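This report walks through selected parts of one protein structure. Please look over the sequence and the model before reading on.

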Amino acid sequence: MNTNTSRNENGSAYYLSQPQADLDLVSVVRGTPSGELLRRYWHPIAVASEVGELPFPVRALGEDLILFKTPRGEFGLVYPRCCHRGTTLYYGKVEECGIRCCYHGWLFSPDGKCLDQPCEPNGGEKRDNYRQPWYPVRERYGLVFAYLGPPDRMPILPRYEALEVLEPGEWIEPDGRSLGSGGDVIAPCNWFQHWENIMDPYHVAILHSAFSGIQFIPEMAQMPNVSFEPSPIGVTSTQIRSIEGKVFRRVTEVAMPTLRVVPNPWATGFNRPVESIGWTLPIDDTHYRIFTAGRAAESGPLYYPPKGLMSGNRRWQDMTEEERQRKPGDWEAQTGQGAITFHSEEHLASSDRGVAMLRRFFRKQIETVAAGGNPAGTIFDERDESVRFAAGNYLEAPAGIPVLQS
Ligand code: FES
Ligand SMILES: [Fe+2]
């Protein structure tokens, strides 16, 4: 980027260089550095209740796949092109033991074994020689998780204390509507643009307050005193504001591989740990979808905005294009960066140090994988399967509370 060089003292756009995205950092495609890193973790690919008796197409990390659920309740995830002659299993039929291709009826188990070849003598005497490419899946927290990486590096699907330790009468409720993105279920931009936004708490006082009017609680309009800390599996941010003479300490986190650990920004409850965990599934390089699982009670999910509002005082779906221009939110700001932002044109400033810290952390994990290691947050021993976060909204007496300096 050369807009600040002496060649271009007047800042003319005429001298702009060809813009570049840092694809080593943000591409999710198999074989790219970051795509291989992401393939070392489990990712949610669907809300379990979305999957009915028909094959369910999913796209994750740039791969098109077919998810299915047998009448026994077992999930399977397979490559869509049938290993016989390539028609898609999207038109297949789900049976007791697996999925049957519509064309010549080959039947595949959830782990891709060929169980029947009805056009072959005796149901296929050589059927054991064929295997439909498949990936492992697990159901947890009402979501379906898949592992798209090398089989010999498959970690344990972690458990999260925030979703395991419940108050009496609470349960875990899944959500696949991309809560937190502020717009449609599928967002048309690279997932990293959303993820790094979690480590950008300064924008809350501008985008969600001064610019567009109060989109969360009025106290969030205060420019907070912000600090960032690396954690073993990501980055933690603490934001200090004051409410009626008390210290409002809000802790947010990002964690590998795509987790957003964000307490309810409407702060409908204080002094409680984070109510939910969101996974920013990279659908492909230019689309993402957020899956959330969180605590719910008789009054509804604790992580929802009051009265079901998704964005500001009006539902995003009901806003006109003009209203979105006048009162943009996260959706507008992040999709507005483009399908994949041009990193070469950025000018990171001091308020971007959380973003910079997160990118450094993520790059380090890419290097670890490239060097043959296991990246942060991959668990292989069941005794370590529980993950704990510090995130939450806390209201504390000022005396004796150290206010963190940035
Ligand atoms: S193409 Fe699937 S069974 Fe023939
Ligand atoms: Fe935001």
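## Terms and model

The model described here is predicted.

## Glycine 392 and strand β23

By this naming, glycine 392 belongs to strand β23, which covers residues 392–396. Glycine 392 counts as buried because its relative accessibility is 0%, under the 20% limit for that label. Leaving aside residues up to four places away in sequence, glycine 392 touches Arg249, Arg250, Val251, Pro263, Arg272, Pro273 and Val274.

Aspartate 128 lies 52 Å from glycine 392, C-alpha to C-alpha, and the two are 264 residues apart in sequence.

Histidine 203 is part of helix α5, residues 202–211. Histidine 203 is buried because its relative accessible area is 14%, and histidine 208 is buried too. The side chains of histidine 203 and histidine 208 make a polar contact at 3.1 Å. Not counting residues up to four places away in sequence, histidine 203 touches Asn197, His208 and Asp330.

## Serine 181

Serine 181 sits in the loop that runs between β13 (171–175) and α4. With 0% relative accessibility, serine 181 is classed as buried. Beyond residues up to four places away in sequence, serine 181 touches His194, Tyr288, Ile290, Asp330 and Trp331.

## Helix α8

Helix α8 spans residues 353–370, which makes 18 residues. From its first C-alpha to its last it reaches 25 Å, close to the 26 Å expected at 1.5 Å a residue. Buried residues in α8 include Gly354, Val355, Met357, Leu358, Phe361 and Phe362. Arg359 and Gln365 in α8 are buried as well.

The elements that cover the buried residues of α8 include the helices α1 (23–26), α2 (33–38) and α4 (191–195). Strands β14 (225–231), β15 (234–243) and β16 (246–255) are also among them. Just after α8, glycine 372 has a positive phi of about 95°.

## Strands and pairing

Six of the six residues of strand β1 (residues 42–47) are buried, so β1 is largely enclosed by the rest of the structure. Strand β1 runs antiparallel to strand β11 (residues 143–147), and five bridges join the two. In this pairing, alanine 46 has valine 144 of β11 as its bridge partner.

Elsewhere, an open sheet is formed by four strands in the order β5-β6-β7-β8, with antiparallel pairing. Its edge strands are β5 (93–95) and β8 (114–116), each of which pairs on one side only. Within the sheet, β6 (residues 98–100) and β7 (residues 107–108) pair over two bridges. Arginine 100 stands opposite leucine 107 in β7. In general, strands of a sheet pair through backbone hydrogen bonds, either parallel or antiparallel.

Definitions and conventions: Residues numbered from 1 in each chain as written. Chains lettered and ligands numbered in written order. Predicted model: local features only at pLDDT ≥ 70, side-chain atom pairs only at ≥ 80, totals over all residues. Heavy atoms only, no water. Buried < 20%, exposed > 50% of the residue type's maximum accessible area, 1.4 Å probe, protein only. Polar contact = N/O pair within 3.5 Å; in protein donor to acceptor, adjacent residues only side chain to side chain. Contact = heavy atoms within 4.5 Å. Expected span 1.5 Å × (residues − 1). Pairing = 2+ DSSP bridges.
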